[in-house]
Amino acid sequence: MLNGFMKKFSGKKSSKETAKKRLQFALVYDKLEINEMTLENLQKDIVEVISKYFEIDTKSLQLEVQREHELSALVFNTPILCVKKNKGYNSKT
Amino acid sequence: MEGKIIVVTSGKGGVGKTTATASIGAALALEGNRVAVIDMDIGLRNLDVVLGLENRIVFNIVDVVNKRCNLAQALIRDRRIDNLFLVPASQSDNKDVLTPLGVQRVAKQLKNEFNYVIMDSPAGIEKGFENSVVAADEAIVICTPDVSSIRDADRVIGLLYARSITPRLVVNRIVPEMVARGDMLSHEDVMDVLSIDLLGLVPMDDQVVVSTNTGMPLVMHNQSLAGQAFRRIAKRINGEVDLPIIVPSVKTGVWNRITQKLGLNK
Ligand SMILES: Nc1ncnc2c1ncn2[C@@H]1O[C@H](COP(=O)(O)OP(=O)(O)O)[C@@H](O)[C@H]1O
Ligand SMILES: [Mg+2]
């Protein structure tokens, strides 16, 4: 279960950091009744879409779970290296 | 009198529900309230031994709900702490002998006679959980700082919200040394994951086992850190809402401080 996806985010941190990350994702899996595969595919698709417009650093992608009261949010974080000037998929310029 | 019914629950077993029920109940009574603690763990009763009242059981909660005796007959009065009463669970039945409706009827009676009624719920989220929360005005969710307990707590919190109860959290069995070296989730981590109001933090404490051995309520041991934590939790429940929550910290006794000064600690 702890495949590449989790490893990417747990790295060599203390065991409690790993516990916290695992928990946050476990609660998302539980609530949405999805699995890691679905999230990985979602991430792949998002990367694909964003890459049409921006040059992004795929190595430092981050997917996080943020919680507030009864709402959980998946937050996708990526540094944008530069805009792809002419490669916009639906560019209006 | 219109008392409050508070359920202590967790989803997972062995995290400290019974310890918390006994301790918070005893502490609320020491604060001057009339308190009844009810063991809802039908078939696996334990609250009686934790409180040292196991030798005085005649009737139990199943007898009361199923009208085999009246409430007064099943209430066991604690002789050490004024105004503390126990209604034990039955040991021979299974959880199906109670119905939510029956529990609600008895709960109404209890509310008329006590300031606080604390229900010790069984592990799980089935019938026994249902019976324990059906009459609750408030809920305390107990968890320990480990992954499975927190996940189960999240599930239970969801079920309580669905019943329009906003629970408060007690994190139990905190080992400050492990938190300090990053091998145990801190209470901040737990709060990040669960997003629920915090009611108190209870450290791991040998005295919990000792007081269960002897049947002497934990909150009567003045030196017990867990006992002190439960007493502060009771005060918060009892209206001292601003009483600060003390975070269990690594011991800094005189000897520790000396060895630190001398550089003997690593
Ligand atoms: N703060 C604590 N420090 C040390 N031991 C504890 C603490 N809280 C609970 N325990 C121990 O953990 C075990 C389970 O506690 P219990 O209250 O029976 O849990 P539950 O009712 O949730 O199953 C018991 O042996 C109890 O003595
Ligand atoms: Mg118990």
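## Exercises on a two-chain model

Apart from neighbours within four places in sequence, B:Ser121 has contacts (heavy atoms within 4.5 Å) with B:Val7, B:Val8, B:Thr9, B:Lys17, B:Met40 and B:Ser132. This is a predicted model, where local features need pLDDT of at least 70 and side-chain atom pairs count only at pLDDT 80 or more, while totals for chains, interfaces and linings use all residues. Residues are numbered from 1 along each chain as its sequence is written, chains are lettered from A and ligands numbered from 1 in the order in which they are written, and side-chain values use heavy atoms, with hydrogens and water left out.

### Exercise 1

Find out whether B:Ser121 is buried or exposed, and which side chain makes a polar contact with the side chain of B:Ser121.

*Solution.*
- Start with the location: B:Ser121 sits in the loop between β5 (116-120) and α6 (127-133) of chain B. Helices (H or I, at least four residues) and strands (E, at least two) are DSSP runs, numbered from the N terminus.
- Next, look at accessibility. B:Ser121 counts as buried because its relative accessibility is 1%, and buried means under 20% relative accessible area with a 1.4 Å probe, protein chains only.
- Finally, the partner is B:Thr9, whose side chain is 3.0 Å away in a polar contact. A polar contact is a pair of N or O atoms within 3.5 Å; within protein, one must be able to donate a hydrogen and the other to accept it, and residues adjacent in sequence count only if both atoms are side-chain atoms.

### Exercise 2

Describe how chain B meets chain A: how many residues of chain B are in contact, and how many salt bridges are there?

*Solution.*
- Count the residues: 15 of chain B are in contact with 15 of chain A.
- Then take the area. The two chains bury about 1,400 Å² between them, 57% of it on carbon and sulfur atoms; buried area is the accessible area (1.4 Å probe) that two parts lose on being put together, summed over both.
- B:Val147, B:Arg151 and B:Val193 supply 35% of the area that chain B buries against chain A, more than any other three residues.
- Now the charges: there are 5 salt bridges between the chains, each a side-chain nitrogen of Lys or Arg within 4 Å of a carboxyl oxygen of Asp or Glu.
- One salt bridge to look for joins the side chains of A:Lys20 and B:Asp189 (3.2 Å, N to O).
- Last, the elements that give two or more residues to this side of chain B are α7 (147-162) and α9 (187-194) of chain B, and α7(B) gives the most, with 5 residues.

Key:
Buried means under 20% relative accessible area, exposed over 50%, partly exposed in between (1.4 Å probe, protein chains only).
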